[in-house]
Amino acid sequence: MEHALISPAAYTIFGIPTVIFSVLIPIVAVALFAYIIAKRLAPLVKARPDERFDRPGKRVFDVLKIWLAQWRHPRYMTAGVIHIVIFFGFLILSIRSTEMVIKGISEGFVFPGLNTWLGDVYYALKDYAATAVFIAVVVAFVRRVWFKPARYAYPESYGEDHTWEALLVLGFIAILMVTESLYEGAAVAAQLQAGLTPDFLAPLTLGWLFKLMLADSARATMQSLHIWSYYIHDIIFFTFLCFLPLGKHFHVITSIFNVYFMRLDKGNIRPVRYGVDEQALDDLESFGVKRFEDFTWKDILDFYTCADCGRCSDNCPANTVGRPLSPRFISLKGRDYAFEHYPIFGDFIKTDDNIMGKIYSEDEIWSCTTCGACEQECPIGIEYINKIVDMRRGMIEEGNVPQSLQKPLQSLEKRGNPYGKMEKKRAEWSKELSEEFEIKVLEKKGTTADTLYFVDSVTSYDERMQSVAQATARILQSAGIDFGMLGKNEKDSGNEVRRFGEEMLYQELKNNNIEAIVNSGAKRIVTADPHAYNVIKNDYNSPDLPPVEHISQFLQNNISNGKIQLNSLDEEGRQKVFTYHDPCYLGRHNDIYDAPRAVIDAIAGANRIEMTRSRDRSFCCGGGGLMLFYEPEEDERMGVRRVKMAREAGATVIVTACPFCLTNIEDGIKVAGLEGQMEVIDLCELVAQQMRH
Amino acid sequence: MAQIFAYILHSDGVLDDSARELLAAAKKIDAGAEVTAIVTGKGIDDACSKAAESYKSVWKIDNDALSYPNAEVVRKALLSLLPADGILLLPHDTFGMDLGPGLSVKLDSAFAADVVDIEGVEGNTLKTIRQEFTGQVNTHVHCDISAGAVINIRPGVFQAAEGQAGEVVDKSGELGDLSAKRKFIEVQEAEAGEVDITKSDVLVSIGRGIEDEDNLEMAFELAEAMGADVSCSRPIVDAKWLEKARQVGTSGKTVKPKVYMAMGISGSFQHMGGVKGNPFIVAVNKNPKAPIFQVADVGVEADILEFIPEITEKIKEL
Amino acid sequence: MEILVCVKRVPDTAENEIEINSEGNDIERDDLVYSVNEWDNYAVEEAIQMVDKHGGSVTVVTVGDEESEEVLRREMAMGAENGLLLTDDAFEGSDGRGIAALLKAAVEKGNYDLIMTGAQADEGYAQVGGMLAAMLDYPYASLVNMIEVGDGKLKVGREIEGGNMEVNEIDLPCVLSIQTGINEPRYVGIRGIRKVASVEIPTLGASDLGLDAGSVGEDAARVKRIDYFVPEMGEGAEMLEGSTDEIIDKLIELLKSKGGIK
């Protein structure tokens, strides 16, 4: 095809061939970029090991789904759509941009294949992509400047927000789109003026618009626009590239890696140190994260990858009720620390300082309920729970533990329950049932049962929660199950102990329970406590253990096979409006969403509605286990907030399937002053109530 | 029978409540004893004559060095005056705890602390009753008084006794060297809180049973409904949930309300030591064996976390 | 500063009802767990913080049987450098004074600037610190809730009646008994205890301490606990019975009549 304008590869300005710039700009920029990336990799090299190279198939799948298909983006519709447009625009335009860089050196360069019909399709596509990106950028700009979504705001304590950075980058992108289109629009306009066959420009695109606008311009104007837009594009393109690793737009580069390496398993906590097995833990010099370099390389990749989109914090219950924790700042503060101590120019700043109390505060780290809402929401696979647990491990080792947690931890060590109550009273809740039936206590060798009911501490000892234990036992009995409990041989499951960073205590509890369960000879474990379910399934990870089931799964199965039959609700019950509150450790951490709903729906006459925040967006009740003993400063209890959500949805009965949710929500109802108007009931209690004997 | 002495605490010429309680304790050791009161300080004539209203004999020990009751100085003064086999009674308060143990060593006499009752003397054995495990169990403790004894008496448990009036004997001239390695500097008053619970007529007092800082809110709601103020026991202050100025007890404020609502308070003597003026005491506690039920007028066995919101609501409805 | 902190292993009774055994000579101990006396724990924390600031080392000492080693390890895991276990059959049945005599002998074997005890323990005498000081002829302050280190002396605050603080200046060496609330003791986990599991803890018996067996133990005790008994229930409170509603109604009537509701 003939051209009417001199291309950048052939142009001279003041006698200097511009091709020199076409060659120099990429060389200098790529060298600089490589240098910056090398510097950015330094902290990853110094960091602790992480195991992220297994199961490549699953990882590639995650990349295709979460990265390429932008799976989580539409959860926030406006921002999600804008991002998807820019993301796909970038993908499409990456070929064109590379082509342009080479065209500046070699005029006739075309990627192989693009000189065929494929090229026709591609060039039209990229014209529309550039235009769509431009429009998306304008919308994003308006949104940032005028609408200012609340989740981008910076609380005062965290310093300046990143609006300027966002706007600068939007500006870069807009310029890239405009110059690319102008470069081509000018060339085509000149072709038309010269009566040559014009290159194709897709209608209603920016390039097409420029072509029309320039139709009557002087040739010299077109020529200079052609050259200038090329070099502005070239410079901005490489400036943008080198700018990416300096801030939150690093995610443009790192997100694909971050998603590839993201966690594959749910519900578990990573080991104290990869490559060190449990028996060797005693030999470790230090536990958890104290220095910045105690993070794993994936943690630091997470810090780099955070785009400051605020979705984690927007969903974080701790942040919502005003606790001093906002997950995005865990990432941003980590990133700022990395940038500051591993600068691009100048020496690395070596320090053995404990980061606790410096970049992170104790209250911040204790504020987390490990509900997992942040990780569920992050569109690029950033993790928080493991980091927070690792920082707690560091604090535990330093003895830096809130006073109110010390007593329960010590009681767990001595008595296997956080209350410090006697082991022999662990099964006292069952006395009330003794007139109905006897529950086997699998304490001695020789006594065995098919099914082991793992009760866990709070359900065993807390007066209110004991009714959940009694309901569970009634259900198992009524379904004709041969079951028993461990009695004083059962210790706390340790789910919370592990998540509070007391790893060695967790190990002791775990080993005790594994031994007791194995000795019981049971072929299946059932529990009504999602925390116990989670830790046995995902953390104990012992091949010696029989499979574990949550009572909601058991109920679903036994209702559908007819072993449990439910009465329909009476008139009063039919007036009630039920809603199901997903416990974090059943839902998000174990993907059990449908079983409990199916159980409620199996009760004839039950009117069930959904709260806005349900299933994987469920709002934590305030947390279980040790969270009962520790509450940081907050404006409102999570349980109260949750009760209000249920009320807004129009519910009068909150059904849950976790003893902790039950207590926290019950307290929430009282504090909110909604007694008599709202009630909460455990799924087991509800079923036991409706069961046909 | 050995001579019995009682150390009298006083300030501004007013005797501490313990002054006549010690007399009662002494009478339980020896009903016929002529008990000698010991008053130390600077310019203590008023206190001495007050003491002489109930004690047969009052030793006045007046010295500049004793203007503040520094236990080390008081010990030196007493050592130069007390007979070898005497029995000295002290209140088991922050002063008695400071003085008693060391004094008993220096006197080479027996020491019993926090005595809540005395069963009498048999030969050289003084039979006392004490409590252990914060009042959960009682013990009989026998004390060999052949070489004298220092006995610290729990304040507030002996019914103040009346005694015959007596005379003041000035012992100030018989003191030896009173120099000390511990020097009193000053008393820093506890920071005044938002409220002065010592002036409240009705107190809603919160103990360990509140379990969590956040639950305090319900206590304030109840107090508001009743027109009362909120006070608390020591663990609440140790946990920094409420300010020190709200703490009732020997290490906190002494209160004299008309009605005292002990909510989730077990009722240790250190706490009840701060409740004076014989108020109407209501105790709510989930442990039926809590010692508070021994001193309360009315008791309710309940979990305050459930009880408080319910009663608050009912009172609001009135 | 070289600091010796005297600690005691006591049954943890906060959540458990104390029951008396059938002979009445002891409490039922089978189901009890033990830990370090709460006041002592504050004392050790204070000592560690002082050493962190001013240098020196902390030694913890206890009198008891081999099981008492457990509390020494816990305090060493907190940061006390050395432990010292005073154990001998002859020590059994010692009264407070006997314990103080043992500690005195242990103090004299070392070179301490400061000795701390908890203000009191399970038996509630609040006596050992004061006795030890008197035996050593050191100055003493009880119920200490503030310590500032000066030159050859300390400024200490004592918690006195009314929540006020009595400030004293005290020469070193001295003995202080520590009140709860003076600091926030650090947490000790299993890992911390395991880290000090192999540290040698010297044990000293009567002869090591140069004590005549007759001067301590039961024979030397002038104060003896004869038995435990459950206090006879006095009149006590009138317990309100009935449903919660009924109880509340009754209580409100009573409160009204007593001027409790304005």
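**View 1. The two domains of chain B in the predicted model.** Chain B splits into domain 1 (4-174) and domain 2 (197-317). Taken over C-alpha atoms, the centres of domain 1 and domain 2 of chain B are 32 Å apart. Contact between them involves 7 residues of domain 1 and 6 residues of domain 2 of chain B. On the domain 1 side of this contact, 4 residues are polar, 2 are charged and 1 is nonpolar.

**View 2. The contact between chain B and chain C.** Here 68 residues of chain B meet 67 residues of chain C. The chain B side contains 28 nonpolar residues, 22 charged residues and 18 polar residues.

**View 3. Strand pairing between chain B and chain C.** Strand S10 of chain B covers residues 137-144. Strand S12 of chain C covers residues 223-229. These two strands pair in the antiparallel sense, with 6 bridges. One bridge can be picked out by residue: B:Val141 has C:Arg225 as its partner in S12(C).

**View 4. The contact between chain A and chain C.** Chain A gives 23 residues to this contact, and chain C gives 16 residues. Three helices of chain A each supply at least two residues of the side that touches chain C: H15 (385-398), H16 (403-415) and H20 (503-520). H16(A) provides the largest share of that side, 7 residues. By class, the chain A side holds 9 charged, 8 nonpolar and 6 polar residues.

View 5. C:Asp31 counts as partly exposed because 13 other C-beta atoms lie within 10 Å, whereas an exposed residue would have 12 or fewer. Within chain C, C:Ile18 is 13 residues away from C:Asp31 along the chain. The C-alpha atoms of C:Asp31 and C:Ile18 are separated by 9.9 Å. Across to chain A, C:Asp31 is in contact with A:Met422 and A:Lys424. That pair of contacts leaves aside the neighbours of C:Asp31 within four places in sequence.

Key. Residues numbered from 1 in each chain as written. Chains lettered and ligands numbered in written order. Predicted model: local features only at pLDDT ≥ 70, side-chain atom pairs only at ≥ 80, totals over all residues. Contact = placed C-beta atoms within 7 Å. Helix = DSSP H or I, 4+ residues; strand = E, 2+ residues; numbered from the N terminus. Nonpolar A, V, L, I, M, F, W, Y, C, P; charged D, E, K, R; others polar. Buried ≥ 20, exposed ≤ 12 C-beta atoms within 10 Å, placed from the backbone. Domains from an automatic or database assignment. Pairing = 2+ DSSP bridges.
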